[in-house]
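Hi,

Here's the structure I promised to pass on. Have a look at it first, then read my notes below.

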Amino acid sequence: MHQVINVGLIGVGLMGHGIARNILGAGHRLCFLDHAGNQPVDDLLADGAIAKSSGREVAEAAEVVILCVTGSPQVEAVLFEAGGVLEGLKPDSVVIDCSTALPSSTQQVAARVQAAGGRFMDAAMTRTPKEAEEGRLNLIVGASETLFDEVRPLLESFAEHIAHAGPVSAGHTLKLLHNFVSLGFSAVLAEATVASRAAGIDDAALLEVLGKGGGGGVIFERLRPFIASADPSGFRFSVANANKDLGYYHAMTEQLGVSDGVAAAVHHLYAGIEDQGVSVPEVIRVLQENVS
């Protein structure tokens with residue numbers, strides 16, 4: 001790749017805004033799809049980013065197109081619908097899908113991008129919008145060794161840890177595994193907190209025992225502020241997104257033919273509160289309100 005890359009970004013949301021800022025900060029040129037779901041973009045425009053009115057226009061201006069959208073339906077829409085990315089994709093351009101998607105869809109998407117003359121990798125994200133703004137995302141990449149090595153310098157402009165999981169769709173597969181584990185532990189901790197409070201245990205005692213024992217870890221520390229002081233900002237991930245990811249995980253395990261009994265129970269817990277518009281830490285409050 002050239003030292004200065006023409007990058008197109010579709011999805012300037014909570015995560016995509018930070019990606020955009022850091023791509024610009026690394027000296028690359030950036031255009032993005034103008035969309036009602038974007039975060040405020042005045043700072044990006046002031047730093048030289050250019051808004052485009054369609055995915056086709058984004059692709060026409062870019063060597064690399066990064067997708068930072070919700071999931072597989074949105075990926076397929078921005079790529080393949082009329083006026084989409086595929087219509088403007090230049091030969092050998094790279095499409096990087098940073099969404100959380102169903103691996104079987106990812107394989108089909110990659111085949112269509114390649115048939116159109118482009119190249120494809122999945123680069124699923126972990127961490128939060130805070131780390132996105134700081135250029136410290138974690139990425140889980142599915143791509144050939146050659147493409148991974150070529151694109152890695154660009155990925156390093158907005159990511160701190162980059163794991164090459166394997167070929168195309170391996171990144172999305174490992175992201176679903178990661179999210180099942182993190183959301184599963186969040187569900188366990190939420191139920192344990194409600195039971196602890198019902199038994200009259202002080203929150204500080206619960207946090208001390210779990211934090212210094214088998215409950216300690218990244219997710220525990222993200223939920224700690226909510227348990228201690230009802231502050232949900234440590235884990236800005238919606239229950240609606242949790243349900244989407246767990247649904248993808250269920251579909252993947254069905255295709256793989258492996259057990260997912262625990263995942264089904266976790267999904268059932270989140271599905272019961274999706275319509276309340278809460279984030280993952282707030283599951284604790286919702287469960288507590290349901291205590292008879």
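Before the details, one term: two strands count as paired if DSSP finds at least two bridges between them. Also keep in mind that this is a predicted model.

With that in hand, take Leu9: its bridge partner in β2 is Phe32. The two strands involved, β1 (residues 6-10) and β2 (residues 29-33), run in the parallel sense and share four bridges.

They belong to an open sheet of eight strands, ordered β3-β2-β1-β4-β5-β6-β7-β8, with mixed pairing. At the edges sit β3 (50-52) and β8 (159-166), each pairing on one side only. From one strand to the next, the twist averages 25°. Helix α9 packs on this sheet, where it touches β5 (94-97), β6 (119-126), β7 (137-142) and β8. The direction of α9 makes about 15° with that of β6.

Now for the helix pairs. α9 (residues 170-198) also packs with α12 (residues 239-256), at an angle of about 120° and with the axes 9 Å apart. The two are therefore oblique to each other, and their crossing is left-handed. Residues making the contact include Leu176 and Phe180 of α9 and Leu246 and Tyr249 of α12. By class, this contact has nine nonpolar, two polar and one charged residues.

The other pair is α4 (residues 72-80) and α6 (residues 103-115), whose axes come within 11 Å and cross at roughly 10°. Angles under 35 degrees count as roughly parallel, so α4 is roughly parallel to α6. Among the residues that meet here are Val75 and Leu79 in α4, and Val109 and Arg112 in α6. This contact divides into five nonpolar, two polar and two charged residues.

Cheers

Conventions. Residues numbered from 1 in each chain as written. Predicted model: local features only at pLDDT ≥ 70, side-chain atom pairs only at ≥ 80, totals over all residues. Heavy atoms only, no water. Axes fitted to C-alpha atoms, helices over the stretch in contact; angles between N-to-C directions. Parallel < 35°, antiparallel > 145°, perpendicular 65-115°, else oblique. Left-handed = near helix turned anticlockwise from the far one by under 90°. Contact = heavy atoms within 4.5 Å. Nonpolar A, V, L, I, M, F, W, Y, C, P; charged D, E, K, R; others polar.
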